[in-house]
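Biologist: I have a model open and would like to understand the words used for it. Could you take me through them?

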Amino acid sequence: MLVRNTSARLAIWLTFGVIVAVLIVTPIVVTAMTAFATSWNSVLPSGVTTDHLADTLSPENLDSVAVSIQTAVTASAIAVVIGTWAALAARKAPPKLRAVIDTMYHLPVAVPSVVIGLAALIAFSKPPLVLNGTPSIVILVQSLLVLSFAFSMVSAAAKSLDPALDRVADSLGASPARTLFTVTLPLLAPAI
């Protein structure tokens, strides 16, 4: 729907600006203020310091920051690969199966992350697969938590692909793998 009235358009942009400011900008500003505050005992911080930043970037803590970044990158890569594969599989599935796949991959967003972490601890603390106390369980849980977002992005983009592209590639003699790598994945690259 196009809004042609100037005052209505201004009201919509103002509402959007307020929502972005409250939900996105304010938490970032408060986090930055906390990082540089000497103490925070009232409405605003009492002073400015760079001690917290220096402490975070100290050699003892820099290793922890590096491990956190490595964990995040690894978990994200795993989630993107699995989410992309699942979204492409759901695209070709019958409607009822597609609804089940959609529900299963969106479940981690609906369940609190504490529950997912605790469930993974319980599930993987006894044989046959003991991951409790290993870095693998952290990567597994982080992957589960971001899997829904990866699946959603690729699934939304895959729904907009024209199914005729696959049929045209097939009629020209392209194998399913070649169609995937030369047609489908390049078109989905911005979403991936």
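Modeller: Gladly! Let's start with a pair of helices: α4 and α6 are oblique to each other. Bear in mind that this is a predicted model, where local features need pLDDT of at least 70, side-chain atom pairs count only at pLDDT 80 or more, and totals for chains, interfaces and linings use all residues. Residues are numbered from 1 along each chain as its sequence is written, and side-chain values use heavy atoms, leaving out hydrogens and water.

Biologist: Why are α4 and α6 called oblique?

Modeller: The axes of α4 (residues 95-110) and α6 (residues 135-159) cross at roughly 135°. Angles under 35 degrees count as roughly parallel, over 145 as roughly antiparallel, 65 to 115 as roughly perpendicular and the rest as oblique, so this pair is oblique.

Biologist: What makes the contact between them?

Modeller: Contact means heavy atoms within 4.5 Å. Among the residues involved are Ile 101 and Tyr 105 of α4, with Leu 144 and Phe 151 of α6.

Biologist: How do you know that Leu 188 is buried?

Modeller: Buried means under 20% relative accessible area, exposed over 50% and partly exposed in between (1.4 Å probe, protein chains only). Leu 188 has 0%, so it is buried. Leu 188 lies in helix α8 (residues 176-188), and its contacts beyond four places in sequence include Leu 88 and Val 154.

Biologist: What makes the protein more spread out than a compact globule?

Modeller: The protein has eight helices and zero strands. Its radius of gyration is 23 Å, well over the 16 Å that the globule rule gives for 192 residues, so the protein is more spread out than a compact globule. The radius is taken over C-alpha atoms, and the rule is 2.2 Å times the number of residues to the power 0.38.

Key. Axes are lines fitted to C-alpha atoms, for helices over the stretch in contact, and angles run from 0 to 180 degrees between N-to-C directions. Helices (H or I, at least four residues) and strands (E, at least two) are DSSP runs, numbered from the N terminus.
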